[in-house]
6 protein chains.
Amino acid sequence: MWMQSEPSMLTAPNLLSSGLVEVVTTALDGLTYRDGKGSAAGAARQVKQNQEADADQGGYADIERMIKQAMVGSTLVGSYARPVRWSRLIFSRYAVGDAYGEHVDAPFMRADDGSEMRADLSFTAFLTGPEAYDGGELVLDTPWGRHAVKLEAGSVVVYPTSVLHFVAPVRSGVRQVCVGWMQSRIRDHEQRTMMFDLERSISGLAQDENRRRLTRVFAGLLKMWSS
Amino acid sequence: MWMQSEPSMLTAPNLLSSGLVEVVTTALDGLTYRDGKGSAAGAARQVKQNQEADADQGGYADIERMIKQAMVGSTLVGSYARPVRWSRLIFSRYAVGDAYGEHVDAPFMRADDGSEMRADLSFTAFLTGPEAYDGGELVLDTPWGRHAVKLEAGSVVVYPTSVLHFVAPVRSGVRQVCVGWMQSRIRDHEQRTMMFDLERSISGLAQDENRRRLTRVFAGLLKMWSS
Amino acid sequence: MWMQSEPSMLTAPNLLSSGLVEVVTTALDGLTYRDGKGSAAGAARQVKQNQEADADQGGYADIERMIKQAMVGSTLVGSYARPVRWSRLIFSRYAVGDAYGEHVDAPFMRADDGSEMRADLSFTAFLTGPEAYDGGELVLDTPWGRHAVKLEAGSVVVYPTSVLHFVAPVRSGVRQVCVGWMQSRIRDHEQRTMMFDLERSISGLAQDENRRRLTRVFAGLLKMWSS
Amino acid sequence: MWMQSEPSMLTAPNLLSSGLVEVVTTALDGLTYRDGKGSAAGAARQVKQNQEADADQGGYADIERMIKQAMVGSTLVGSYARPVRWSRLIFSRYAVGDAYGEHVDAPFMRADDGSEMRADLSFTAFLTGPEAYDGGELVLDTPWGRHAVKLEAGSVVVYPTSVLHFVAPVRSGVRQVCVGWMQSRIRDHEQRTMMFDLERSISGLAQDENRRRLTRVFAGLLKMWSS
Amino acid sequence: MWMQSEPSMLTAPNLLSSGLVEVVTTALDGLTYRDGKGSAAGAARQVKQNQEADADQGGYADIERMIKQAMVGSTLVGSYARPVRWSRLIFSRYAVGDAYGEHVDAPFMRADDGSEMRADLSFTAFLTGPEAYDGGELVLDTPWGRHAVKLEAGSVVVYPTSVLHFVAPVRSGVRQVCVGWMQSRIRDHEQRTMMFDLERSISGLAQDENRRRLTRVFAGLLKMWSS
Amino acid sequence: MWMQSEPSMLTAPNLLSSGLVEVVTTALDGLTYRDGKGSAAGAARQVKQNQEADADQGGYADIERMIKQAMVGSTLVGSYARPVRWSRLIFSRYAVGDAYGEHVDAPFMRADDGSEMRADLSFTAFLTGPEAYDGGELVLDTPWGRHAVKLEAGSVVVYPTSVLHFVAPVRSGVRQVCVGWMQSRIRDHEQRTMMFDLERSISGLAQDENRRRLTRVFAGLLKMWSS
């Protein structure tokens with residue numbers, strides 16, 4: 001079971017259909033790229049080495065929208081992350097030798113509607129599968145040790161933005177990913193995890209008094225903890 | 001069902017066995033009483049008219065202990081109130097014409113171990129049944145209207161100490177009750193109610209993954225909210 | 001006094017003038033209605049049986065604005081609810097046999113400016129008086145028991161959205177109401193009630209040092225608790 | 001008025017009667033003293049230069065108790081500080097050249113019942129008046145500038161323990177003071193100030209509905225904020 | 001050092017360049033003014049006696065923008081105040097005899113983008129220096145006593161909006177200032193001060209493990225406390 | 001570095017000296033043991049299979065005291081855990097085939113002074129080294145995956161009590177450990193980690209203004225977060 005021992009990170013296998021991955025990667029092939037340092041700030045800038053699609057070109061916004069729609073449509077992501085604001089998305093390409101050294105993402109950033117958002121959760125949608133490149137793992141340097149993440153094309157990993165992480169150097173092939181950030185309705189990670197546990201438990205119950213009571217608790221906590 | 005529409009107040013029918021009620025009332029008959037104004041403070045003093053057993057006499061402490069043991073032994077009370085400190089108990093007698101005018105209990109008081117306690121919940125254990133007296137209802141003047149409470153001998157009502165209340169004048173017979181206060185592990189009433197809902201729901205589930213998750217949420221909230 | 005024992009629910013008599021009620025009901029007569037299930041979600045959908053004016057027609061927005069202006073102009077509502085966001089309004093008609101079974105309103109919904117809002121308070125403005133229909137009470141199933149509400153045309157009831165409630169079946173005549181939701185500056189009901197108590201107390205004081213100090217406390221709490 | 005612009009610090013003039021001051025200073029004359037560095041920790045130790053009565057001798061505890069009784073009996077101190085735990089008291093003597101350099105008191109310390117306490121408020125009771133010595137001011141280095149405090153014998157100043165402070169060198173005569181610490185029922189200074197404002201305002205009101213409402217708010221806040 | 005003993009108030013010397021002050025005052029000379037009572041509410045209205053530039057005229061918005069740009073460009077202001085919303089600015093002129101009696105600014109007001117904002121911090125930018133007028137001090141009536149502020153042209157003072165304050169009567173010359181308000185990312189003043197301390201300390205450290213850890217704490221607190 | 005990527009769990013190598021370990025294990029050899037199920041509650045009871053020294057015998061309390069003194073004397077443990085209450089200690093022996101299945105420790109338990117404590121942190125002091133037995137790993141089932149812990153004799157691991165964990169079956173030899181629980185001054189794990197980061201950073205700084213400021217922040221947070 002994917003959730004048994006890893007509720008801190010959500011791995012959503014095949015969240016993007018293979019058809020969508022194909023459409024997206026084909027569209028990306030037609031776009032121009034530039035140095036990824038442009039979207040990094042402070043110390044992160046010095047350790048970043050990759051290429052990113054230029055957001056100011058036709059078609060870019062369409063690809064963004066397709067990815068977001070797929071994520072918004074995922075009950076699993078909604079239940080784990082409870083997003084209320086989204087950043088714009090970044091489409092990155094790591095060629096041989098490219099990498100992104102250890103860094104923490106900025107705590108606040110620009111949302112896709114121009115407002116400012118708190119970056120609670122980061123995600124990486126894998127657009128090329130593990131067979132397409134060597135190295136290039138997303139490595140989370142967590143309070144309980146390092147976790148290397150390298151998923152199938154179409155799979156997505158979501159994790160708390162406060163986690164230190166890096167992308168290991170690509171040793172062969174090309175790694176294509178889409179990355180972005182969400183502000184969650186629930187600021188605190190421990191509380192967000194409780195809501196996730198509660199919602200999954202409720203969904204498995206019959207329509208009885210237990211379910212009614214738990215639904216009441218769920219709604220009460222959601223209001224108490226939203227921010 | 002007692003809980004359907006009244007989770008703010010707990011009515012525990014027959015919490016004290018008829019045998020215990022008999023032992024207690026018999027023992028109380030052998031004690032001396034004094035004016036109840038002695039245990040009231042401030043404005044409450046002026047509206048109080050009843051008699052209370054003198055706590056400084058042999059046998060008093062034994063009766064107190066028996067009542068507390070019965071309450072501590074009640075899963076229902078434990079789950080609703082989560083007591084961590086208890087006041088000393090008061091045994092009151094309302095004769096014809098006696099009453100206790102509208103008042104709010106003090107927010108902090110002395111616990112039975114001499115420390116100070118936050119008075120979160122008040123309770124009244126009825127030692128004589130409704131057939132023994134006319135009038136004498138405990139009336140709670142709640143945010144949603146007045147509620148008159150008059151229970152069988154051995155039944156107990158527990159309610160938030162912040163509720164304005166009064167005892168209506170006794171018109172015939174004698175009303176005997178035992179009253180006391182508890183500090184709850186959970187200070188906030190809304191949070192305490194959520195824990196109550198959560199615990200009752202969990203107790204009805206099978207030993208599966210749902211139950212494990214909810215138990216984790218329950219323990220996490222209990223620690224987060226205890227004070 | 002309306003407030004003595006019911007601060008949890010606000011009943012504002014004749015908040016809408018009889019002239020305004022007449023204008024609104026006349027305008028509503030000219031609108032088309034559709035099945036009310038369309039604006040309900042989840043379990044609430046199954047227990048809803050009424051008609052609602054279609055919001056996509058000329059004149060609707062004008063009626064909405066008139067009602068909101070009247071409510072914004074009420075010091076009593078402002079002081080009890082402290083609204084910062086409003087939902088769009090719904091105009092409902094319950095004919096004989098119509099009802100809305102027991103449900104809880106959604107904790108978050110769309111505000112009238114398109115943003116998302118926390119639904120803290122619900123309100124019902126009665127557009128037809130009790131003489132116009134039998135049954136059709138709004139029944140609040142509160143933690144302290146059930147309260148049936150059926151007011152004069154022009155009167156409004158405001159209550160916490162978390163309260164379970166239903167509309168009893170209409171047995172004769174037609175019940176017309178306007179319902180809506182507000183997000184309050186103060187999320188927590190207990191804190192909101194304290195602000196209400198504080199503001200009403202201050203307004204009754206002379207311009208002395210007491211008033212200055214209480215005003216300072218009021219402003220401090222308002223900032224501390226706003227969310 | 002003492003309170004107008006200085007609610008952060010409480011100056012209680014003549015809290016100790018002249019008779020009590022005389023009894024205490026006479027008793028202190030019979031005690032032995034030792035280097036004050038013994039009761040300081042860390043960096044404070046290096047900047048402390050005074051003498052303190054040895055707490056392990058007959059009569060010391062009696063003097064302590066008399067001072068505490070006088071302070072506990074002060075409505076003003078109770079309303080400003082709301083003490084729930086007290087440290088043991090220190091009786092200091094500053095001779096010519098003695099001083100206590102800038103320092104902050106420890107955040108947690110031993111209470112007089114052996115338990116650990118949070119040091120929320122510090123106080124200095126002046127046992128000799130300003131005529132008895134030159135220099136020796138208690139200087140509070142506050143967020144809004146420096147405040148020199150030098151009071152009559154019997155007067156007491158109480159201030160938040162988090163404030164940086166020092167005792168200026170004594171240039172002639174002898175400065176005798178008693179210092180101690182309190183844990184308040186209310187941890188946060190801003191909240192404690194609100195309770196002080198609220199209580200003083202209520203005490204000036206008649207026994208009407210306003211007072212009842214404010215008393216309810218006061219009790220609710222006291223329970224909500226106690227820790 | 002400017003910050004040593006006054007972290008509650010920020011004095012930023014020469015934040016506006018002399019060139020900018022000249023441009024602004026010249027532009028202001030070309031604008032029409034009206035009675036300042038127009039922008040005051042409630043009790044403040046009665047004690048206000050000055051002139052303010054009419055905001056509805058050409059050129060006004062340009063001056064506003066120049067001032068805000070200068071303030072946004074100040075690391076010191078950013079680090080002390082962490083502004084996320086700004087009010088519109090007011091340009092005031094105090095002639096001989098003008099003054100603004102003791103008042104507290106409103107806790108909530110309109111932001112320059114039309115949304116509502118919490119007024120956490122107030123600022124006054126001095127456009128004429130102390131040589132240009134007698135009297136006219138901005139006097140803050142703080143919990144630790146009164147502080148008179150009268151700065152060079154181009155200097156700015158920022159202080160918590162909750163502080164009672166007044167402008168003393170101008171006895172000769174003309175006092176010109178620009179005043180405005182900010183909503184801070186950090187609501188609580190004590191927490192905001194901690195962030196200020198933390199950020200200044202971090203900026204003085206080398207790029208080592210200490211700095212990495214403190215940066216992690218800083219980002220964590222910023223997210224935990226933002227509101 | 002031990003702390004780099006694992007701040008959630010503290011591994012303190014050789015906290016107990018080899019001399020102390022020898023004294024303790026020798027003393028334990030003279031004690032009688034009983035079935036470990038006796039100290040487990042609820043579901044944990046069913047999965048526990050080991051032996052524990054009987055606490056009601058001479059010498060037991062001495063061993064306990066020695067272990068606690070060593071732990072209290074560790075700056076590292078103090079800084080990571082900030083203990084304010086301790087449970088009694090348990091000395092366990094796992095022979096071949098013994099194990100302790102997956103469980104979570106109780107959220108509240110009895111402290112060694114008879115009061116009730118919140119169990120924030122659990123610890124295991126290893127009394128026999130990895131060479132003495134096969135299997136018997138303490139396995140933490142964390143939100144970021146499983147961590148097996150098996151340390152040298154005298155080393156101690158401390159981890160949040162909320163973590164699910166188990167002891168793997170011993171396949172050869174005997175595993176001897178001492179386990180216990182602490183209530184921390186800081187309830188929340190994220191806050192406790194920040195205090196740990198802050199204290200370690202401060203200890204590495206020179207006695208300058210930076211250190212003074214950070215010390216002020218540290219003391220402020222300690223008071224704000226203690227519970």
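The model is predicted, so local features need pLDDT of at least 70 and side-chain atom pairs count only at pLDDT 80 or more, while totals for chains, interfaces and linings use all residues. Residues are numbered from 1 along each chain as written, chains are lettered from A in the order written, and side-chain values use heavy atoms, leaving out hydrogens and water.

The second largest pocket holds about 370 Å³ of space. A pocket here is an open set of points on a 1 Å grid over the protein atoms alone, where a 1.4 Å probe fits, with protein on both sides within 12 Å along at least five of seven lines; lining residues have an atom within 4 Å of a point. Its lining counts 17 residues, with Val72(E), Arg82(E), Pro83(E), Val84(E) and Trp86(E) nearest the centre. In chain E, α3 (60-72), α4 (75-81) and β5 (83-86) each put in at least two lining residues. By type, the lining splits into seven nonpolar, six charged and four polar residues.

Also in chain E, helix α1 (residues 18-29) packs on α3(E) at about 160°, with the axes 10 Å apart. That makes the pair roughly antiparallel (angles over 145 degrees), and the crossing is left-handed.

Helix α6 (residues 209-225) of chain A meets α6 (residues 209-225) of chain B at about 45°, their axes 14 Å apart. These two helices are therefore oblique to each other, and their crossing is left-handed.

Definitions and conventions:
Points joined across faces, edges and corners; volume = space filled by probe spheres on them. Helix = DSSP H or I, 4+ residues; strand = E, 2+ residues; numbered from the N terminus. Nonpolar A, V, L, I, M, F, W, Y, C, P; charged D, E, K, R; others polar. Axes fitted to C-alpha atoms, helices over the stretch in contact; angles between N-to-C directions. Parallel < 35°, antiparallel > 145°, perpendicular 65-115°, else oblique. Left-handed = near helix turned anticlockwise from the far one by under 90°.
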